[in-house]
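The sequence and the model come next.

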Amino acid sequence: MELLNAKPEEITSLPDDLSTAEPVELIEFVVDGIDSMHDVIGTTFAFKIIADYCLHQLQKLHETGYRHMLDDEEDQERALCWARDAGHLQAMQATLRNIQCGPQDFYCPAE
C-alpha cells in the first residue's frame, strides 16, 4: 500500500483534530501508536492483542449499525450486509485467536 511507504518528509505535522487529517497522517499516527505499544509490551503478542481489540470494536460497530437499520424498513438490505460483515469480523477474530504468538499468549496456550 503506497500510503504505508510514505516518506517522512511527506508528513509535516499532525493536525490537532485528526478527523481532518490526510490519509498518510492518519496512517503515521496509528503506526506510531501501535509500534509504541509493541515497544512497551516487547513481544509479538502485542500485535495480536491490538488486532483482536480492533476486530472486536469493528464487530460491535457493525452489530449496533445493523440493529438500528433493522428498525427502518427501507434499510433492511443494508442491515443484512452489516450483519454479514459483523459475522466476517467475528470469524476473523476467532481465526486470530487460534494463532499462537508465544508464551505470553493467553488466548491460545501453547500445546
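Helices (H or I, at least four residues) and strands (E, at least two) are DSSP runs, numbered from the N terminus. The model is predicted, so local features need pLDDT of at least 70 and side-chain atom pairs count only at pLDDT 80 or more, while totals for chains, interfaces and linings use all residues. Residues are numbered from 1 along each chain as its sequence is written, and side-chain values use heavy atoms, with hydrogens and water left out.

**Overall arrangement**

The protein chain has 3 helices and 0 strands. From the N terminus on, the order of its elements is α-α-α. Of the 111 residues in the chain, 23% are buried; buried means under 20% relative accessible area, exposed means over 50%, and partly exposed lies in between (1.4 Å probe, protein chains only). Contact means heavy atoms within 4.5 Å. Among the contacts in the chain with a separation of 6 or more, 44% are between residues 24 or more positions apart.

**Helix packing**

Two packed helices are described by the angle between their axes and the distance between the axes. Here the axes are lines fitted to C-alpha atoms, for helices over the stretch in contact, and angles run from 0 to 180 degrees between N-to-C directions. Angles under 35 degrees count as roughly parallel, over 145 as roughly antiparallel, 65 to 115 as roughly perpendicular and the rest as oblique.

Helix α1 (residues 23–41) packs against helix α2 (residues 45–70) at an angle of about 135°, and their axes are 8 Å apart. That angle makes α1 oblique to α2. The crossing of α1 and α2 is right-handed; a crossing is right-handed if the near helix is turned clockwise from the far one by less than a right angle, and left-handed if anticlockwise. On the α1 side the contact is made by Ile34, Asp35, Met37, His38 and Ile41, and on the α2 side by Ala46, Phe47 and Ile50. By class, the residues of this contact between α1 and α2 are 6 nonpolar, 1 polar and 1 charged. Ala, Val, Leu, Ile, Met, Phe, Trp, Tyr, Cys and Pro count as nonpolar, Asp, Glu, Lys and Arg as charged, and the others, Gly among them, as polar.

Helix α3 (residues 76–97) also packs on α2: the axes of α2 and α3 come within 8 Å and cross at roughly 160°. The two helices, α2 and α3, are therefore roughly antiparallel to each other. The crossing of α2 and α3 is left-handed. The contact of α2 with α3 has 14 nonpolar, 7 polar and 6 charged residues.

**Helix α2**

The buried residues of α2 are Phe45, Ala46, Lys48, Ile50, Asp52, Leu55, Gln59, His62, Gly65, Tyr66 and Met69. Their cover includes α1 and α3.

Asp52 is in helix α2 and is buried, with a relative accessible area of 3%. Not counting residues up to four places away in sequence, Asp52 touches Gln93, Leu96, Arg97 and Tyr107. Glu63 is also in α2; at 22% relative accessibility, Glu63 counts as partly exposed.

**Residues of helix α3**

Trp82 is in α3 and is partly exposed, with a relative accessible area of 27%. Leaving aside neighbours within four places in sequence, Trp82 is in contact with Leu61, His62, Gly65, Tyr66 and Met69. Arg84 lies in α3 and is partly exposed, with a relative accessible area of 46%. Leu80 is another residue of α3, and at 58% relative accessibility Leu80 counts as exposed.

The table gives C-alpha separations for some residue pairs.

| Pair | Apart in sequence | C-alpha to C-alpha distance |
|---|---|---|
| Trp82 and Gly65 | 17 residues | 6.9 Å |
| Leu80 and Leu70 | 10 residues | 8.4 Å |
| Glu63 and Asp85 | 22 residues | 8.8 Å |
| Arg84 and Tyr66 | 18 residues | 9.3 Å |
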